[in-house]
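Keep the sequence and the structure at hand while reading.

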Amino acid sequence: MSFLVNTLGKWKVGKLFQQNRRIPEALNLERIESAILVCNITDSQSYKEVQDFATYLKRSEGLSSVKVICYFDQKEKPTFVNEESDLVFGKKDCNIFGLPNKVEYNFKKPVDLLVDFTSKSCVPTNYFICQINAKTVVGKQDDEKGDWFDLIIDIPKEKGLPVYKENILRYLKMINKA
């Protein structure tokens, strides 16, 4: 059953991606004012690293708005997540296709940067990645989602999130440097 639901969910997300008429724009980090970080929560350490990156973008890079969207695959919501500042949802918030249906988010609101921090491809986070109207979308090398990203960061898996975050910052500072 899970395989069928996952396959149908991927098909639905693919159709939604084709309908999304996003116009990509290569933005330098100096011109970015708002960001969304999408992640799937696997453990407290990876969540903390995404939170630290969000804090860094606000404090050190001067972004006015940074939102973290988190999906968890467990039955119970992890106790370490911050529901006041983050959009947190799980399986029970998704429909039969794995698409979020009990999650409120304004997809029409434009955002400058979307970063995919998911460790593996999953339908609920893919839904947000392909629906959010972001000018620049950044993600890891992924055969399934490669067409969705404007900037692809290819790092070995063993390097982990710290190297991924360093490369995101490095390349966003290089783009359209005036």
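A disulfide is counted here when two cysteine sulfur atoms lie within 2.5 Å of each other. The model is predicted. By this rule the count of disulfides is zero. Cys39 is in no disulfide, and the nearest cysteine sulfur, that of Cys70, is 3.6 Å away. Cys94 is in no disulfide either; its nearest cysteine sulfur belongs to Cys122, 8.6 Å away. The table sets out both cases.

| Cysteine | Nearest cysteine sulfur | Distance |
|---|---|---|
| Cys39 | Cys70 | 3.6 Å |
| Cys94 | Cys122 | 8.6 Å |

Are these two cysteines buried or exposed? Buried means under 20% relative accessible area. Cys39 has a relative accessibility of 3%, so Cys39 counts as buried. Cys94 has a relative accessible area of 13%, so Cys94 is buried as well.

**Strand β1**

Strand β1 covers residues 34–41, and eight of its eight residues are buried. In a regular strand the side chains alternate between the two faces of the sheet. On one side of β1 are Ser34, Ile36, Val38 and Asn40, and on the other are Ala35, Leu37, Cys39 and Ile41. Both faces are covered.

Which strands pair with β1? Strand β2, residues 65–72, pairs with β1 in the parallel sense over eight bridges. Within this pair, Cys39 stands opposite Cys70. Strand β4, residues 111–116, also pairs with β1 in the parallel sense, over four bridges. There, Leu37 stands opposite Val115.

**The nonpolar cores**

In soluble globular proteins, nonpolar side chains tend to be buried together. The largest nonpolar core in this model has 32 residues. Leu37, Phe117, Val138, Tyr164, Ile168 and Leu172 have the most contacts inside this core. The elements that give two or more residues to the core are β1, α2, β2, β4, β6 (151–153) and α4 (160–174). Leaving aside residues up to four places away in sequence, Leu172 touches Leu27, Asn28, Leu29, Ile32, Leu113, Thr136, Val138 and Leu151.

A second, separate core has 22 residues, including Val38, Ile69, Val103 and Tyr127.

**Helix α3**

Helix α3 runs over residues 123–131, and nine of its nine residues are buried. Among them are Val123, Pro124, Tyr127, Phe128 and Cys130.

Terms used:
Residues are numbered from 1 along each chain as its sequence is written. This is a predicted model: local features need pLDDT of at least 70, side-chain atom pairs count only at pLDDT 80 or more; totals for chains, interfaces and linings use all residues. Side-chain values use heavy atoms; hydrogens and water are left out. Buried means under 20% relative accessible area, exposed over 50%, partly exposed in between (1.4 Å probe, protein chains only). Two strands pair if DSSP finds at least two bridges between them. A nonpolar core is a set of buried Ala, Val, Leu, Ile, Met, Phe, Trp, Tyr and Cys residues joined through side-chain atoms within 4.5 Å. Contact means heavy atoms within 4.5 Å.
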